[in-house]
Amino acid sequence: MSFEFLRTNLAEKESLGLLRERRCIASNKDGIIEVKGKHYINFASNDYLGLSQHTQVQQAFAQGIAATGTGSGASPLVTGYSEQHKALEDDICSVLNKPAALLFSSGFSANQAICHALFNQANNSAGHILCDKYMHASFIQGALETPAKLLRYQHNNFEHAQKQLRNLPANSLVATEGIFSMDGDEGEIATLAGLINSESETQDRPWLMVDDAHAFGVIGKSGFGSLDANITSESVDVVMGTFGKAVGTGGAFVAGSQALIDYMVNSSKHYIYSTAFSGAQAYATRTSLAIIEAGKERELLHNNIATFKQLAAERGLDLLPSNSPIQALIVACPNKAMAYSKKLAELGLWIPAIRTPTVPKNTDRLRITLSALHQTQDVHALIDGLSVVIHN
Ligand SMILES: Cc1ncc(COP(=O)(O)O)c(C=O)c1O
């Protein structure tokens, strides 16, 4: 029978405890989700600041819809690029101190577009891509589709990165993440930028790219991610950030030199042949940026992270090192991770099991995410639940 592999593959995944299934969320409010009539405290969302539910962001969305409609109606090069999009790009340039920015419908397509723009048969078939082993699938997939040679250094291992940096040809890219999506630790960008400068001739210096999907909105003096934290914006050549996580809306941006952005406008198929997200979404996103800068939600989030970490240490819960909203507890077995997740759900705590191949083999885990929406008692309930499930 044609395509019989569909069934056999699914059956195999199920037998290994690796079958993925979607859960349909009936409601999502104040850090509580409803699934099949039951309510759970949600420790699985990337809406770290709760901005998807912020009244001002919602009102801005509604005002934007009233002014510009619910959809952009076309790709950006046709009629999908509006004053709202342009204003959002300008905001991004201003907060990151970069000359130009471009909006994408998702971080996945933005990462792919960066790889395709910088490495292609016509202009750069010899450059290499060197990145942290834990880079997100959207970047790795994009890199693999180009003629570039893909090299990976062990996660945050800068000795390993240094060895590989020495042999990079001209027109190469080094890439890392601001906050790693599955481990929650930071990419140590200042260290990487320093290494790039010390190991390369200035004129042939590889470009440094940061995927700031989980850092934008969370770290930095004004909350605008890695470039706003402890590095100069000149040491990072390309930044990709997403709006679907801490910003609370959706879509993504790429920021960099004017030449990079103009080149992408002229060549990135992910940009040219895709309908722009709505002007209303751009308008709401600008409102989110202003709320992020004001800082109240960031403070609530970081207080929750500190409380969680302190209580976890007191209860002997062995977390991966992380100061971010992403906290990982390694279980090292897909079936066990699923069983823990199920038991936690019975206690009203929604914490997903993240299994290989999303994470490396034998590092299956519970990925806990904290949010500004959580109350202190939610964090206590989380700790109690984890202690009961893990220690029994
Ligand atoms: C590190 C990282 N980069 C990129 C993406 C893709 O972003 P988006 O969800 O907007 O497609 C994700 C999504 O989870 C991510 O975690």
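In which loop is Ala332 found? Select Ala332: it is in the loop between β11 and α13 (334-346). Its phi is near 70 degrees, a positive value in a residue other than glycine. Helices (H or I, at least four residues) and strands (E, at least two) are DSSP runs, numbered from the N terminus.

The model is predicted: local features need pLDDT of at least 70, side-chain atom pairs count only at pLDDT 80 or more, and totals for chains, interfaces and linings use all residues. Residues are numbered from 1 along each chain as its sequence is written, and side-chain values use heavy atoms, with hydrogens and water left out.

**Another loop**

The peptide bond that joins Thr356 to Pro357 is cis, with omega near 15 degrees.

**The whole chain**

Zoom out to the protein chain, which has 14 helices and 14 strands. Its radius of gyration (over C-alpha atoms) is 21 Å, close to the 21 Å of the globule rule (2.2 Å times the number of residues to the power 0.38) for 392 residues, so the chain is as compact as a globular protein of that length. Along the principal axes, the C-alpha atoms fill a box of roughly 60 × 55 × 55 Å.

**Two domains**

Colour residues 22-53 + 295-391 as domain 1 and 72-277 as domain 2; these bounds come from an automatic or database domain assignment. Taken over C-alpha atoms, the domain centres are 28 Å apart. The contact (heavy atoms within 4.5 Å) takes 23 residues from domain 1 and 19 residues from domain 2.

The two domains bury about 1,500 Å² between them, 57% of it on carbon and sulfur atoms. Buried area is the accessible area (1.4 Å probe) that two parts lose on being put together, summed over both. Select Tyr48, Arg298 and Ile326: in domain 1 these lose the most area to domain 2, together 29% of what that side buries.

**Across the interface**

Eleven residue pairs, both at pLDDT 80 or more, are in polar contact across the interface of domain 1 and domain 2. A polar contact is a pair of N or O atoms within 3.5 Å; within protein, one must be able to donate a hydrogen and the other to accept it, and residues adjacent in sequence count only if both atoms are side-chain atoms.

Now show α12 (296-314), β11 (326-330) and β14 (365-369), each of which supplies at least two residues of the domain 1 side that touches domain 2. The largest share of that side, three residues, comes from α12.

**Salt bridges**

The structure holds eight salt bridges (a side-chain nitrogen of Lys or Arg within 4 Å of a carboxyl oxygen of Asp or Glu). Between domain 1 and domain 2 the count is one. Select Arg365 and Asp183, a salt bridge with the closest N and O atoms 2.8 Å apart.

Finish at Arg286 and Asp91, another salt bridge, with the closest N and O atoms 2.7 Å apart. This pair links distant parts of the chain: Arg286 is in helix α11 (residues 279-294) and Asp91 in helix α4 (residues 83-96), 195 residues apart.
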